[in-house]
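Subject: Structure handover

Hi,

Here is the structure we talked about. Please open it alongside this note, which runs through what turned up.

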Amino acid sequence: PNEIFGGGMGMGMGMLAANPVQDKINRELFVGNTPPGTSDTLLITFLTGAMKRTNLCGPAETPIVTCRVNQKFAFVECATAEIACNALNLNGIPFMGSQLKVSRPSKYVGPIVAAKTWQDITGTPLP
């Protein structure tokens with residue numbers, strides 16, 4: 001009954017969809033340290049490509065549905081709470097000369113999910 005549509009890979013994420021407002025919060029991520037010139041489209045395309053290359057989402061999935069870029073940070077909304085948890089593994093990914101900081105927004109109150117860094121999942125050292 002409280003399952004997240006399209007997500008359910010048996011990871012117990014159904015509990016995150018208690019109400020629509022909380023569901024949106026559970027699907028949203030903060031992306032800090034965005035460099036000048038970052039656009040919504042560029043960030044969505046970049047993060048989607050990175051998630052597909054590292055199997056953090058399926059090859060046919062659209063993991064990020066919206067993005068709001070400000071001067072030094074952005075908020076991205078993922079398709080499901082499960083994808084948002086997976087996207088936390090992008091923390092530290094190099095982007096246009098910067099290292100993005102991917103984390104939960106301050107209003108997130110759900111369970112803390114263990115995540116690695118981009119360097120951990122790709123084996124690439126810090127620049």
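Thr-34 first. Leaving aside neighbours within four places in sequence, Thr-34 is in contact (heavy atoms within 4.5 Å) with Leu-43, Asn-70, Gln-71, Lys-72, Phe-73, Ala-74 and Leu-100.

Before the rest, the ground rules. This is a predicted model, where local features need pLDDT of at least 70 and side-chain atom pairs count only at pLDDT 80 or more, while totals for chains, interfaces and linings use all residues. Residues are numbered from 1 along each chain as its sequence is written, and side-chain values use heavy atoms, with hydrogens and water left out.

Back to Thr-34. It sits in the loop between strand S1 (28-32) and helix H2 (40-53). Helices (H or I, at least four residues) and strands (E, at least two) are DSSP runs, numbered from the N terminus. Thr-34 is buried, at a relative accessible area of 5%. Buried means under 20% relative accessible area, exposed over 50%, and partly exposed in between (1.4 Å probe, protein chains only). Leu-100 is 66 residues from Thr-34 in sequence, yet their C-alpha atoms are 6.2 Å apart.

The sheet

Four strands make an open sheet, ordered S2-S3-S1-S6, with antiparallel pairing. Two strands pair if DSSP finds at least two bridges between them. S2 and S6 are the edge strands, each pairing on one side only. S1 and S3 are joined by five bridges. Leu-29 stands opposite Val-76 in S3. Two helices lie across S1, S2 and S3: H1 runs at about 35 degrees to S1, and H2 at about 135 degrees to S2. For these angles, axes are lines fitted to C-alpha atoms, for helices over the stretch in contact, and angles run from 0 to 180 degrees between N-to-C directions.

The core

The largest nonpolar core has 23 residues. Such a core is a set of buried Ala, Val, Leu, Ile, Met, Phe, Trp, Tyr and Cys residues joined through side-chain atoms within 4.5 Å. Leu-29, Leu-43, Leu-47, Val-76, Leu-90 and Leu-100 touch the most other members. Elements giving two or more residues to this core are S1, H2, strand S2 (64-69), strand S3 (73-78) and helix H3 (81-87). H2 gives the largest share, four residues. Beyond four places in sequence, the contacts of Val-76 include Leu-29, Leu-43, Leu-47 and Ile-64.

Salt bridges

Side chains of opposite charge can pair when their charged atoms come close. A salt bridge here is a side-chain nitrogen of Lys or Arg within 4 Å of a carboxyl oxygen of Asp or Glu. The count is six.

- Arg-27 meets Asp-23 at 3.0 Å, N to O. The two are four residues apart in helix H1 (residues 20-27), so about one helical turn separates them. Arg-27 is buried at 13%, and Asp-23 is buried at 16%.
- Arg-27 also meets Glu-77, at 2.7 Å, N to O. Arg-27 lies in H1 and Glu-77 in S3, so the pair ties together parts 50 residues apart in sequence. Glu-77 is buried, at 11%.
- Lys-107 meets Glu-28 at 3.4 Å, N to O. Lys-107 is in the loop between strand S6 (101-103) and helix H4 (118-122), and Glu-28 is in S1, 79 residues apart. Lys-107 is partly exposed, at 47%, whereas Glu-28 is buried, at 2%.

A network of salt bridges links Asp-23, Lys-24, Arg-27, Glu-28, Arg-68, Glu-77 and Lys-107.

Best wishes
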